[in-house]
Amino acid sequence: MAGIKAESKGRAGKTGLIFFPAFDWAISPTHPEREERLLYTRDQIFEEGLMDLPQIEELKPRLATLKDIARTHFCVPDVESQITEAHLVAAGSTMTLADALENGEIKNGFSLARPPGHHSMMVVHGNRGFCNVNNMAIMVEYFRTKYGHKKIAIVDTDVHHGDGTQDIFWHDPDVLYISFHQDGRTLYPGSGFTNEMGGPQALGRTLNIPLPPGTTDEGIHYVLDNFILPVLKDFKPELVLNSAGQDNHFTDPLANMRFSAQGYASLNEKLAPDICVLEGGYAIETALPYVNTGIIQAMAGLDYSHVKEPDFAPGRFTQSDEMNRSIEDTVDELLDIWKNRDLLMESAQSELGDFYRRRKRIFYDTDMINESQEESVRLCKDCHGYMTIASTAQRGYGILNSAYCVSIPRGACKSCKEDAHEEFEEHKDDRKFNYVCLQDKDRDSYQIYDVRTRNRKSY
Amino acid sequence: MLIGIDVGGTTTDAVLIDGTRIVKISYVPTNHGDLLKCLLNAFDLLMKGVDPKKVERVVLSTTLITNMIAEGKAQPVGLVLIPGPGTNPKDYQLGQEPIVLDGAIDFRGHEIQKLNEDQARMAGRRLSNLGLKKVAVIGKFGQRNHSQEMKAGEIISQIMPDAQIELGHRVTGQLNFPRRAATTLLTAATKDSYREFTEQVARALKERMISAPVYILKADGGTLPLEKSVEMPVETIFSGPAASIMGVLALTPVEQTSVIVDIGGTTTDLALILSGEPLLSSKGARVENLLTHIRAFAVKSVAIGGDSVVNVAQDCVDVGPRRDGAAFCMGGPGPTPTDAMRVLGMTDIGDLALAKKAMGSVASKLRVTLEKAAQMVVDAVVAKIVSEVEQMFLEWEQEPAYRVWEIVENEKLQAQSVVGVGGGAPPLVPLIAKKLGAKSIVPEYAPVANAIGAAVARPTLTLNLRVDTEQGSYSVAEEGLTGKVTGRNMNLEQAEALARKLLAERAERLGIGEQAKEAEVTYSEIFNMVRGWSTVGRLLDVRLEVPAGILEGWRS
């Protein structure tokens, strides 16, 4: 797939692999996100001797810093209370690969680490969809801050809609977020429809492809060939990243799709992502060992044709004509959106004033938290515009926490910077909120202010 | 009294030790055509005037297996794989084309595809037609369920009744199929010649009235009774470097973190002792082009030594990696580090006038004085070795880890001492130590550290146990042993007790029974297997180890 990326680096060299199964971490003993999840994957990839192959380099992850997390998330009440060390390792894995890629040590990389991240949104009050912090988004922000990358494409191949990643880059025209997933009417988190297209300044930079339950390799590759790859070619990102969930597999216990290990491997061969980051996938014996082997081989340019699940036979799964048509219709609709993205953006902005506002309700399924948000972005002619989020989280019948969050984008104009700081200062005395947070991406500096104690925390 | 004999690349060294005292040393040049003869020559020289009845223990370290493989004298082996799904067998770099049989076992030991017995018969006939006498049969996950390996071996042996057939799960049970295949291949290729050698040694020592037990040193620095070692000949590969490292362990203070620097003519070998324990290579030794499961000390060979070529480019001195011959002061073709050290008075080997001439050419290119040029050469050698040592520590820190606490702890170590062995070491080690901020040690008996190491090394012992309570079975990686367990709720304590019992039995079989009680648990893990939302069983892994160490009598 030469030609997808603006700067085709034509990298030669090894595939960097971080295998971090977190054998001493679980959400709870019988939770799908438990110690055992990557145990059989370990057995398979170690038994295959993949780490010994000259095409593969195994790397040791470093710990992410609290600042790396604060660059992406507003953690309430602070970063420390939303993470465990396991999260720092999983997030650190992605950045270790980012560094290795930039230093030319590797040609591409796979962070096969848990816990996952793509359901974590910009504001974090707790765990939702097994995720606390968004490893992929943290890596993207790191790529931009440390290495100055601008245009980045994330393709989310997990069976669940990556609503967290979508939320974080919703207003960002430089990050293309494409997700295909089982239709939200039939699966958690219940979102990811074609009409979710990004904020008014980034319309068409979020693209969702809901697929009917039972979609096979054929359907997913139809979407890849006829939609995702052509769009990437148009967008010309500097980096292509894959949020590599493995729960589209036909044996996954939490979803209903019919994707195979061969399908996953050839997807990664065609997509040729610079970095893959593991998300979900809970068929720990029947899918993960085979899917992971296939992805690693595809990334390293090895022959993956011998990878086969015990109960898979080519031709086992077929799609009805009706299902084919429905997928084709979705792709046609999305191609229209993509083609007309500039017009859509113009017409959306023409109807708005200086600010775009929306209200959101967010449910944290793991931690049983209900959050309501009021988000506001300035539609600025000179920069991406500063953003504020007023967030209140409830657990049971009491208020858990509330925060007023202010975000200054990279390259913010003078007036946005000034207004954002003013908002931050003003709310320090606002008793409606427990915390006031400032995320200054332009200066790479982050603060949380406790309204009651008047303590300030900086990252 | 203890005897240690190391048949090395250049010389065969022998020492006689009484308690904590080195009583006698002997050495003869090594003749690679007849290793047994030089071993016995060194032995006879050592034993002159010594009462054979006083000898309590003899330990040998030999390059026999290393040489056999390097010189291509190992026997040809037919390679039969049952790879199942995964990597294309062609991507395994095993140095020869395998015969592939259909069949598959998965990571839990379930049979997921039946063995194709017709293919096994065809394989037997093909190998028989090729006139092969050795066959290695290895199945992916054969250590979790060896039924297909056994069946394939049985079918082939019916067709080739005289052939020696090695099964992968009997050789090692560690995860990593290609390494297991390579290790099995090498075992099959060297077993006969090795057995013959051990029988000759045993006979010769008996003729010399030695009734003491005879041991062989393994690559992990442990000793094993000679007659028991015939089942695992490849474990004795690289016993030379292992002997040197054990020697340094014996000759330096306990519990230290040290770098061992063995500087020769062409290469410098580096090894680490971390808090008193020699560092093992993380996955297993590389033998020629084959990656194996053989437990061996991590030795890094750097292409720089006393005879390395000295080049001058743009006012800079570059040393190595080539060697064109001896040092100029020893009649060689060009300037070398040895010439530089001769000029600076750091050594007195070779002809001073020749050394000055060699350094003179370097000095004129650099437009500096003779002494300055020599100093620059020495500095370049020291800098190169120091950077390789630092790299080694870094690589050790960067070893992958799979648990949160291991990443968070991220232990760092620094060398407390630099220990020199080998001919080139004494003048250079103090300089290397200074750069590393460590103490310099060149032990009095450094030249025979290898033989001393062999003499005082104690047995090592490892046992890896895996229990799957859902299936009600256990397996031991080291011998392909399997058995039954009852109850789904075995805990780690119970698994460790089972491992201890099995280790004691294994130690007894290997003739090192007394060692078993010293075993420590070096690794253990337990996983609840959850299907749906309920626990259906447990997977437990326990590793027991008696690491490399020195006989108790030596220290006191």
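I count two residues as in contact if their C-beta atoms, placed from the backbone, lie within 7 Å. Helices (H or I, at least four residues) and strands (E, at least two) are DSSP runs, numbered from the N terminus.

This is a predicted model, in which local features need pLDDT of at least 70, side-chain atom pairs count only at pLDDT 80 or more, and totals for chains, interfaces and linings use all residues. Residues are numbered from 1 along each chain as its sequence is written, while chains are lettered from A and ligands numbered from 1 in the order in which they are written.

**Entry: helix pair in chain A**

I looked up helix H7 (residues 217-235) and helix H10 (residues 321-339) of chain A. They pack at an angle of about 10°, with their axes 10 Å apart. Axes are lines fitted to C-alpha atoms, for helices over the stretch in contact, and angles run from 0 to 180 degrees between N-to-C directions. So H7(A) is roughly parallel to H10(A). My labels: angles under 35 degrees count as roughly parallel, over 145 as roughly antiparallel, 65 to 115 as roughly perpendicular and the rest as oblique.

From H7(A), I listed A:Gly219, A:Tyr222, A:Val223, A:Asn226, A:Phe227 and A:Val231. They meet A:Met323, A:Ile327, A:Val331, A:Leu334, A:Leu335 and A:Trp338 of H10(A). By class, this contact of H7(A) with H10(A) has 10 nonpolar residues, two polar and no charged. Ala, Val, Leu, Ile, Met, Phe, Trp, Tyr, Cys and Pro count as nonpolar, Asp, Glu, Lys and Arg as charged, and the others, Gly among them, as polar.

**Entry: helix pair in chain B**

Next I took helix H9 (residues 352-366) and helix H10 (residues 370-397) of chain B. Their packing angle is about 90°, and the axes are 8 Å apart. That makes H9(B) roughly perpendicular to H10(B). H9(B) brings B:Lys356, B:Met359, B:Gly360, B:Val362, B:Ala363 and B:Leu366 to the contact. H10(B) brings B:Leu370, B:Ala373, B:Ala374, B:Met376 and B:Val377. I sorted the residues of this contact of H9(B) with H10(B) into nine nonpolar, one polar and one charged.

**Entry: sheet in chain A**

I traced an open sheet of eight strands in chain A, in the order E2-E1-E4-E10-E9-E6-E7-E8, with parallel pairing. Two strands pair if DSSP finds at least two bridges between them. Strand E2 (56-58) and strand E8 (206-211) of chain A stand at the edges, each with a single partner strand, so one side of each has no neighbour in the sheet. The twist averages 15° from one strand to the next. Strand E1 (residues 14-20) of chain A runs parallel to E2(A), joined by three bridges. A:Gly16 is opposite A:Glu57 in E2(A). Helix H5 (residues 135-147) of chain A packs on the sheet, and its direction makes about 170° with that of E6(A).

**Entry: sheet in chain B**

Chain B has an open sheet of six strands, ordered E3-E2-E1-E4-E11-E12, with mixed pairing. Strand E3 (21-29) and strand E12 (223-225) of chain B are at the edges, each with a single partner strand, so one side of each lacks a neighbour in the sheet. Here the twist averages 20° from one strand to the next. Strands E1 (residues 2-7) and E2 (residues 11-18) of chain B run antiparallel, joined by six bridges. B:Gly4 has B:Val15 as its bridge partner in E2(B).

**Entry: strand E9 of chain B**

Is strand E9 (residues 134-139) of chain B buried or exposed? Six of its six residues are buried. A residue is buried if 20 or more other C-beta atoms lie within 10 Å of its own, exposed if 12 or fewer, and partly exposed in between. B:Lys134, B:Ala136 and B:Ile138 are on one face, B:Val135, B:Val137 and B:Gly139 on the other.

Strand E5 (residues 78-82) of chain B runs parallel to E9(B), over five bridges. E9(B) also pairs in the parallel sense with strand E10 (residues 164-167) of chain B, over four bridges.

**Entry: B:Pro253**

I found B:Pro253 in the loop between helix H7 (239-251) and strand E13 (258-263) of chain B. B:Pro253 is exposed, with 11 other C-beta atoms within 10 Å.

**Entry: chain B against chain A**

I read 33 residues of chain B in contact with 38 residues of chain A. E26(B) gives the most to the side of chain B that touches chain A, with five residues.
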